[in-house]
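Student: I would like to learn how to read the features of a protein model. Could we take them one at a time?

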Amino acid sequence: MILWCMSVLFLVQCLFGAYAGHAVNSPYRVYDMIPQGICKVRRIPLLDNILAQADPILLNSAEHGAIFRQTWNSSSFKKYSDCKFYVQAPSHMGLYLTVNKVQLRKSHKGICIDTLVVKKSNDKKHQFCETPDSEPTVLYDDRGRMRITVNLDANLALPLLEDILEVQLIVTVKRKCNVDGYLPCEEEDDNSCISKYFFGDGFVNCPECVDEKGCVKDNDPVETFNPSNVFLSAVISLLGTMIVFGACLWCIFKHSHCIFGCITSNITEAVRSSQSNRQSATVDQIQVELHASAPPTAPPEEDKDLPPSYDSLFPVPSTGR
């Protein structure tokens with residue numbers, strides 16, 4: 001019995017030693033985003049940039065990578081709905097980021113409800129909400145700095161209680177190919193080398209799956225839709241409209257005496273002009289009526305036919321004396 005117990009204890013020690021040795025020799029450091037404080041408690045989206053993690057997560061050596069992973073269930077995603085952090089490579093080195101697995105929600109129209117956003121140092125963004133056919137997408141940044149953001153719509157419940165949301169990212173340092181122990185991810189790029197320990201380890205680190213087998217090219221990002229951003233835009237638009245409307249009312253109240261004075265003077269001028277026009281029209285009408293009612297003039301007397309004279313009608317005979 002004692003020998004049997006000693007054998008079991010020895011076997012357990014051997015297994016634990018093998019596991020510990022594997023963990024120590026692993027080139028990856030694993031970050032569970034909620035337990036390690038990367039995902040904060042849900043906050044107001046407007047303050048997201050202010051409250052985001054300011055200090056980047058540093059990868060101190062090109063021989064070590066990082067795995068960022070997290071799953072959310074039907075209750076945890078309501079509390080930890082926003083995650084934002086930065087990843088920084090050593091000086092003069094770059095980064096490869098593999099979107100190994102993304103299982104977020106989409107609408108029936110194919111628009112993302114939840115989003116994973118990767119922003120490079122040149123401000124170019126890549127957005128995802130799923131990994132089609134579980135094929136990883138590999139992004140790179142030669143300056144060695146990336147920002148990762150996970151936005152979950154906490155107002156929309158999961159379809160089923162057993163449903164989960166999941167994200168898994170792999171970050172690898174890339175450097176110049178002038179040191180032994182490093183292999184290139186891209187043949188024509190002298191700055192694309194990663195540690196040889198990443199080749200054939202079961203994780204995709206290079207574009208087009210150079211370090212592994214059975215992988216395809218990058219998948220195109222999916223169009224995204226974030227209801228919280230739409231709600232925030234609507235609130236800002238409403239506030240802007242109220243401010244403009246209030247400013248208009250204040251201006252009207254402030255200059256009301258001038259406005260009413262201008263309106264009164266315009267009305268007075270219009271009435272005077274109307275009265276003047278009416279008087280002018282009345283005078284013209286009277287002149288026209290007087291001219292129309294003037295009596296006709298008699299023709300001159302020389303034009304009349306006079307009756308014959310008495311002498312012409314009864315001539316006197318001569319006596320001959």
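Student: Which strands form the open sheet, and in what order?

Tutor: Keep in mind that this is a predicted model. For a sheet, read the strand order and then the direction of the pairing. Here five strands form an open sheet in the order β1-β4-β11-β6-β9, and the pairing is mixed. β1 (28-32) and β9 (137-141) are the edge strands; each has a single partner strand, so one side of each lacks a neighbour in the sheet. From one strand to the next, the twist averages 20°.

Student: Where do side chains point along a strand?

Tutor: In a regular strand they alternate between the two faces of the sheet. In β4, six of the eight residues are buried, so the strand is largely enclosed by the rest of the structure.

Student: Which residues touch the most other members of the largest nonpolar core?

Tutor: For a core, ask who belongs to it and which elements supply the members. The largest one has 41 residues, and F68, W72 and L116 touch the most other members. β4 (65-72), β5 (82-88), β6 (94-103), β7 (115-120), β10 (145-151) and β11 (165-174) each provide at least two of its residues. β11 contributes the most, five residues. Another core, of 11 residues, lies apart from it; Y96, V138, I170 and V204 are among its members.

Student: What does F68 touch, leaving out residues up to four places away in sequence?

Tutor: A contact list shows which parts of the chain meet at a residue. With those sequence neighbours left out, F68 touches Y31, M33, I38, I57, F85, V87, V167, Q168, L169 and V171.

Student: Is R105 buried or exposed, and what does its side chain contact?

Tutor: R105 is in the loop between β6 and β7. Its relative accessible area is 9%, under the 20% cut-off, so R105 counts as buried. The side chains of R105 and D114 make a polar contact of 2.6 Å. A polar atom of the R105 side chain also lies 2.5 Å from the backbone oxygen of L156. Beyond four places in sequence, the contacts of R105 include F77, C112, C129, D153 and L165.

Student: Which side chain makes a polar contact with the side chain of K174?

Tutor: K174 is in strand β11 and counts as buried, at 2% relative accessibility. The K174 side chain makes a polar contact of 2.7 Å with the side chain of D142. Apart from neighbours within four places in sequence, residues in contact with K174 include M93, Y96, Y140, D189 and I194.

Student: What share of the 321 residues is buried?

Tutor: Chain totals put the local features in context. Of the 321 residues, 31% count as buried. The chain has six helices and 13 strands. Among contacts with a separation of 6 or more, 72% are between residues 24 or more positions apart.

Conventions. Residues are numbered from 1 along each chain as its sequence is written. This is a predicted model: local features need pLDDT of at least 70, side-chain atom pairs count only at pLDDT 80 or more; totals for chains, interfaces and linings use all residues. Side-chain values use heavy atoms; hydrogens and water are left out. Helices (H or I, at least four residues) and strands (E, at least two) are DSSP runs, numbered from the N terminus. Buried means under 20% relative accessible area, exposed over 50%, partly exposed in between (1.4 Å probe, protein chains only). Contact means heavy atoms within 4.5 Å. A nonpolar core is a set of buried Ala, Val, Leu, Ile, Met, Phe, Trp, Tyr and Cys residues joined through side-chain atoms within 4.5 Å. Two strands pair if DSSP finds at least two bridges between them. Axes are lines fitted to C-alpha atoms, for helices over the stretch in contact, and angles run from 0 to 180 degrees between N-to-C directions. A polar contact is a pair of N or O atoms within 3.5 Å; within protein, one must be able to donate a hydrogen and the other to accept it, and residues adjacent in sequence count only if both atoms are side-chain atoms.
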